[in-house]
Amino acid sequence: MRGGGPRATLPLDDNRRPDMDRDHVRINRDVWNADAENWVAAGERLWAADAPVWGNWGAPEAGLGLLRADLSGKDAIELGCGTGYVSGWMARRGARVTGIDVSPDQLATARRLAREHGADITLIEGNAEATGLPDAAFDFAISEYGAAIWCRPEVWLREAWRLLRPGGKLVFLGNHPLVLVCSPASGAPCDRTLHRPYRTLWGVDWSVVEIDPSGVCFNLPMSGWMRLFADIGFVVEEYQEIYIPEGETGTQSSIPAAWGQDFPAEQVWHLGKPG
Ligand SMILES: C[S@@+](CC[C@H](N)C(=O)[O-])C[C@H]1O[C@@H](n2cnc3c(N)ncnc32)[C@H](O)[C@@H]1O
């Protein structure tokens, strides 16, 4: 799985937007149900971690600051919570936490680990693009490779906006768009060639390929993200690019370490909903 998720790509000349004509939510739910057992060990390790680490190479919280040290009295939601360790970290910092995920099998792991760690977290099965939760119910929303990459940006970001109170914050982490641009249509690891247009980048349909097919993921060019945030009303408070640490070798999540030491493998957006 690439990016905390799947791999493989559409043929280069196929610029269809699958979100327009395919049920990406169902496809992604089925992929994650089928793959859930492969994420149990990572979930157990990260629930037990002393301090948060982020993304596929465990970037330390100290250098990124995704979570405030004290979330006491705050209502927080994780959109696409998977095995729920980010929810667990927020609960440990004092937040009242809700985690939503479309995959019942991922949620089964999250529920077991929350129980084992004594974390009082509300875990809901549902679609982060349309949660059904009340308006302005949260102070903080976060997604690490959940809605951040598996949901249509123009839909889930509006939903996150609706869920947040004025003054609320949204932080999300996922693949850097360069990773998709540099990913060959074959599904092989990304390399130093531009394999697909940046201008029309919407994401990649990893479900229609022969090598290791999986789900439909989403991304945008920088100007697309910035325009979308502005249209919704979000203010960009910080933007971070994450490189793979020096000393890492080999290939993980379809990204060779050497590639990710020269190009950003991941990105983090910190957004605010003005008060
Ligand atoms: C890589 S996990 C990310 C969560 C967490 N950081 C982890 O690694 O366990 C991706 C999660 O996104 C969830 N997901 C995908 N599409 C979703 C949607 N439309 N609504 C809610 N969750 C979704 C999947 O079910 C999966 O559990």
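This section describes the nonpolar cores and aromatic contacts of a predicted model.

An unreviewed UniProt entry lists residues 78-172 as "domain: Methyltransferase type". Over this range the chain is 38% helix and 31% strand, with the end C-alpha atoms 10 Å apart.

In soluble globular proteins, nonpolar side chains tend to be buried together. In the present model, the largest nonpolar core comprises 70 residues, and Trp54, Leu79, Met90, Trp156, Leu157, Leu170 and Phe172 have the most contacts inside it. Strand β7 (residues 164-175) supplies the largest share of this core, 5 residues. A second, separate core contains 9 residues, including Trp57, Val179, Cys190 and Ile244. Beyond its neighbours within four places in sequence, leucine 170 is in contact with Ala141, Ile142, Trp156, Leu157, Ala160, Leu164, Phe234, Trp269, His270 and Leu271.

The aromatic pairs number 14. One of them joins phenylalanine 172 and phenylalanine 229 in an edge-to-face arrangement, at 6.2 Å centre to centre and 70° between the planes. This pair links distant parts of the chain, since phenylalanine 172 lies in strand β7 and phenylalanine 229 in helix α10 (residues 222-232), 57 residues apart. Both phenylalanine 172 and phenylalanine 229 are buried. The pair of tryptophan 259 and phenylalanine 263 is tilted, with 5.1 Å between centres and 35° between the planes. Tryptophan 259 counts as buried because its relative accessibility is 2%, under the 20% limit. Phenylalanine 263, at a relative accessible area of 28%, is partly exposed. Ring pairs also link Trp156, Phe172, Trp225, Phe229, Tyr239 and Trp269 into a cluster.

Finally, the charged end of lysine 273 sits over the ring of tryptophan 161, 4.6 Å from the ring centre.

Definitions and conventions. Residues are numbered from 1 along each chain as its sequence is written. This is a predicted model: local features need pLDDT of at least 70, side-chain atom pairs count only at pLDDT 80 or more; totals for chains, interfaces and linings use all residues. Side-chain values use heavy atoms; hydrogens and water are left out. UniProt positions are given in the numbering used here, feature names are shortened, and annotations may be inferred rather than shown by experiment. Helices (H or I, at least four residues) and strands (E, at least two) are DSSP runs, numbered from the N terminus. A nonpolar core is a set of buried Ala, Val, Leu, Ile, Met, Phe, Trp, Tyr and Cys residues joined through side-chain atoms within 4.5 Å. Buried means under 20% relative accessible area, exposed over 50%, partly exposed in between (1.4 Å probe, protein chains only). Contact means heavy atoms within 4.5 Å. Rings of Phe, Tyr and Trp (its six-membered ring) pair if their centres lie within 6.5 Å; planes under 30 degrees apart count as stacked, over 60 as edge-to-face and the rest as tilted. A charge sits over a ring if NZ of Lys or CZ of Arg is within 6 Å of the ring centre and within 35 degrees of the ring normal.
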